[in-house]
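Good morning, colleagues. Please keep the sequence and the model in view while I go through them.

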2 protein chains.
Amino acid sequence: MGHYGDPMSGFRHVVMFRWAGGTTTRQQEEVAARLSELPARIPQIKSYSMGVNAKVNPGGYDFVIVADFASREDYLIYRDHPDHRAVVNEVIQPLLGERAAIQYEL
Amino acid sequence: MGHYGDPMSGFRHVVMFRWAGGTTTRQQEEVAARLSELPARIPQIKSYSMGVNAKVNPGGYDFVIVADFASREDYLIYRDHPDHRAVVNEVIQPLLGERAAIQYEL
């Protein structure tokens, strides 16, 4: 809908997680480590950025992924890819407190 | 914490909004139009991407901003800039149902 800066096109998936109480640093690192394997396994991923809350503001989420694809169809391949589903089911879902997500045309 | 794709550095702000019930398309367009003016007014903004939910998945947020800055300090200038605060107070806050945000080091 609008972009200012480097030219972009394609389809973007943005998702934030808030971890459940009691989630350890080691568990959070495991999430990032497992997600980090996905770009090499799912060629539809054009760009994959992960971050942990820099704690500048109160109330922020704990973790975010910004993933770019050439098209909506490529995003759907990622979404439903067995390697992605395995990370979601095995390491994200068990720690999940809250999730916020959106996908949009770049 | 991790990036695959085009090289990046700096500081990123990601925020999603869910509009309150009864929010009109015209009101949502006003939000985007007002936000679109900020990159020209706040030179600390390096990249500013806005999007509306492509409705691929149920439960998604309605609107997202991904804004990149050279540093945490530049983000804070944006956050507290009077032109930004005016958009938040005048057109976003009155429509806001739910907000999800995170800032992270790229």
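Predicted model: local features only at pLDDT ≥ 70, side-chain atom pairs only at ≥ 80, totals over all residues.

Eight of the nine residues of β2(A) are buried, and this strand is therefore largely enclosed by the rest of the structure.

Which strands does β2(A) pair with? On one hand, seven bridges connect it to β4 of chain A, residues 63–69, and the two strands run antiparallel. On the other, nine bridges connect β2(A) to β5(A), again in an antiparallel arrangement. F11(A) illustrates both pairings: its bridge partner in β4(A) is F69(A), and its bridge partner in β5(A) is E105(A). As a reminder, side chains in a regular strand alternate between the two faces of the sheet.

Let me turn to helix α4 of chain A, which covers residues 82–92. Which of its residues are buried? They are H84(A), A86(A), V87(A), V88(A), V91(A) and I92(A).

Now the chain as a whole. Chain A contains five strands and four helices, and their order along the sequence is β-β-α-α-β-β-α-α-β. Of the contacts between residues at least 6 apart in sequence, 76% join residues that are at least 24 apart. Buried residues account for 50% of the 106 residues in chain A. The C-alpha trace spans about 40 × 35 × 20 Å along its principal axes.

As for the surface, chain A exposes about 5,000 Å², of which carbon and sulfur atoms supply 48%. Its side chains include 11 positive and 13 negative ones, and the centres of these two sets lie 3 Å apart.

I close with one backbone detail. K55(A) is not a glycine, yet it has a positive phi of about 60°. Where is K55(A) placed? It sits in the loop between β3 (47–52) and β4 of chain A. Is K55(A) buried or exposed? With a relative accessible area of 68%, K55(A) is exposed. In chain B, K55(B) also has a positive phi of about 60°; it lies in the loop between β3 (47–52) and β4 (63–69) of chain B, and is exposed at 69% relative accessible area.

Terms used: Residues numbered from 1 in each chain as written. Chains lettered and ligands numbered in written order. Heavy atoms only, no water. Buried < 20%, exposed > 50% of the residue type's maximum accessible area, 1.4 Å probe, protein only. Contact = heavy atoms within 4.5 Å. Areas by Shrake-Rupley, 256 points an atom, 1.4 Å probe, with all protein chains shown as cover. Lys, Arg positive; Asp, Glu negative; His and termini not counted. Charge placed at Lys NZ, Arg CZ, Asp CG, Glu CD. Pairing = 2+ DSSP bridges.
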